[in-house]
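Dear colleague,

Please find below the structure that I am handing over to you. My notes on what was found in it follow directly after it.

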Amino acid sequence: MKQKSNKGLIFIGLAIFVVFLFPLYWMFVTALKTQTEIFAIPTPLWPRELTWEPFLEQLSVSGDTLRGFKNSMIIAVGAMVISTILAIPAAYGLARFRFRLKKPLILFFLITQMLPSTLVLTSLYIMFSRLGLLNSYIAPMLADATLGIPFSIIILRTYFISIPKELDEAAKIDGCSHLGSFVRIMLPVAKPGIIVTAVFSFVYAWGDLIYGITFITDPTMRPITSSIYNYVQQYQTLWNSTMAFGIVAIMPVVLIFIFMQKYIVSGLTNGAVKA
Amino acid sequence: MGVAFAMPAVIYMLVFIGYPMLQNIILGFKNVDVFTFSKPDMQEFVGLKNYMELFTGKNSILTKSITNTLIFTIGSIFFQFIIGFGLALLFNKKFKGNSFFRGATMISWLLPVTVAGLLFKFMFASTGGIVNQFLTQLHLIDAPIDWLLEPHTAMIAIIIANIWIGIPFNMMLLTTGLTTIPEEIYESCSLDGANRFQRLFQITIPMIKPAIMSVLTLGFVYTFKVFDLVWVMTKGGPVNSTELVSTYAYRLSFEEFQFSKGAAAANVLMIILMVVGCFYIKLINDEEEAM
């Protein structure tokens with residue numbers, strides 16, 4: 001009896017998996033089809049005529065894809081570094097110390113996480129244009145970091161809270177300063193949390209569209225989300241190339257997902273529920 | 001000491017979020033547009049003029065975009081929640097492949113929304129779109145539907161795309177909520193002869209109410225400010241039928257260069273989010289006090 005119901009569950013799980021991941025399958029298959037096949041009625045669920053041309057074209061002839069990839073890499077890594085460096089000490093401070101501003105500061109980060117980008121976009125645009133930062137990597141980098149910081153602080157704080165106080169105290173008895181115990185004890189213990197938040201800061205920055213299309217108009221500087229958006233505006237129905245472009249654009253995220261899934265799930269649920 | 005650790009991040013957020021936000025509120029009361037943008041001496045305060053102009057008139061696009069945003073948000077959350085809850089209940093049971101299937105369904109949440117939007121734009125395309133093909137093959141429709149070119153169906157299409165993106169978030173948070181329910185409660189209940197539905201409504205849902213509430217309010221806030229998905233799929237069209245407050249604010253500022261009006265529209269968005277946000281924060285505080 002038990003065995004039977006278990007089989008039923010596996011079947012349901014599999015069915016959900018198939019339906020849910022169908023769009024990704026479709027993206028991949030479309031990138032391998034010829035345009036004729038894409039618009040055939042009915043279009044085949046698996047290409048009869050495999051073609052790598054869309055991929056090759058994206059990766060060689062049109063420089064957009066690889067350039068966009070490089071630009072996004074620079075911007076997202078930059079945003080990740082800024083966000084992580086600022087979030088670690090802040091999360092530590094908000095987890096380990098008692099002070100009057102503590103609660104308002106936690107609230108402050110919670111609220112900043114909820115604000116829409118459109119709210120700060122115009123003012124940031126004016127600010128960056130005065131500073132001469134438009135059409136540079138710095139502008140989206142600085143703006144994208146604001147997406148990662150509050151989230152990172154909220155998640156890392158729960159990590160620091162869960163580390164037993166005794167560890168701190170033992171370090172102090174051994175003559176460690178606050179900073180010393182932070183660097184030598186807390187950082188190594190909180191490493192899984194730091195990895196998760198860094199990864200998320202990267203993913204947020206990598207996925208950003210609005211800052212990228214607003215602050216950068218120079219086609220050679222565009223991040224990949226912005227270049228694929230512009231590509232579609234130009235080549236409306238060239239779906240196989242667009243999907244090949246899309247696959248390149250999601251590659252880093254998919255790799256991160258495959259290799260770090262365990263970290264991500266635990267980190268996320270920690271932060272989101274106990275925020 | 002704690003403040004010193006937190007300060008760099010606080011200052012950063014004040015400079016790049018706090019200050020621009022204040023500027024945006026002020027900008028909403030001014031007359032900055034394409035003519036006065038580079039002439040500070042011509043910029044002046046105009047009171048509530050921008051807001052009046054945005055809200056009045058038979059065809060106020062702002063009013064329409066607020067309604068659209070509400071429909072979009074409620075439609076998305078309703079299905080995300082139901083499906084996410086169903087999946088959380090399913091994956092809470094032990095079976096082979098459980099963690100693999102659960103893990104795999106998370107990917108949609110991590111993808112760059114721009115790419116997900118384009119993918120759905122393609123699947124909903126009038127010609128060559130797989131959605132039309134499936135519906136035709138199942139004999140549910142006779143002729144292809146112009147999903148993204150008709151007002152009602154365009155709204156349905158962007159909601160479906162957004163549901164796909166949001167399900168993992170709902171599922172994950174609810175799964176965590178479910179793992180906090182002790183097994184013994186169910187055991188004592190099954191002795192009492194309660195059936196599955198009674199257990200769901202009398203134990204499971206009340207026990208994870210805090211998780212449910214935070215999923216719903218956070219979901220509301222995140223969905224209400226969605227921009228990229230809609231910008232990529234429909235750009236707010238056809239004829240503003242999928243125009244959200246965020247896309248409208250963006251259009252005003254960066255396509256029509258009416259910066260002050262765009263700022264005012266964004267401020268309206270902020271006020272709505274603030275109200276819901278306060279509700280969420282009160283919820284968290286209540287929970288912390290209860291613990």
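What percentage of the 291 residues in chain B do buried residues make up? The share is 46%, where a residue is buried if 20 or more other C-beta atoms lie within 10 Å of its own, exposed if 12 or fewer, and partly exposed in between, with C-beta atoms placed from the backbone.

Please note that this is a predicted model, in which local features need pLDDT of at least 70 and side-chain atom pairs count only at pLDDT 80 or more, while totals for chains, interfaces and linings use all residues. Residues are numbered from 1 along each chain as its sequence is written, and chains are lettered from A and ligands numbered from 1 in the order in which they are written.

Confidence. Chain A has a mean pLDDT (the predictor's confidence in each residue, from 0 to 100) of 86, and 94% of its residues reach 70 or more. Among the elements of chain A, the lowest mean pLDDT, 76, belongs to helix H8 (residues 165-173), and the highest, 95, to helix H11 (residues 210-215).

Chain B. This chain has 14 helices and zero strands; helices (H or I, at least four residues) and strands (E, at least two) are DSSP runs, numbered from the N terminus. Its C-alpha trace spans about 80 × 65 × 35 Å along the principal axes. B:Pro40 lies in the loop between helix H1 (2-27) and helix H2 (49-55) of chain B. B:Pro40 is exposed because 8 other C-beta atoms lie within 10 Å. The C-alpha atoms of B:Pro40 and B:Ser260 are separated by 13 Å, although these residues are 220 residues apart along the chain.

The contact between the chains. Chain A contributes 77 residues and chain B 70 residues, two residues being in contact if their C-beta atoms, placed from the backbone, lie within 7 Å. On the side of chain A that touches chain B, the largest share, 15 residues, comes from helix H1 (residues 2-31) of chain A.

Buried parts. In helix H12 (residues 224-234) of chain A, eight of the eleven residues are buried, among them A:Ile224, A:Tyr229 and A:Val232. Leaving aside neighbours within four places in sequence, B:Ala9 is in contact with A:Leu86, A:Ala87, A:Ala90, A:Ile149 and A:Ile153.

With kind regards
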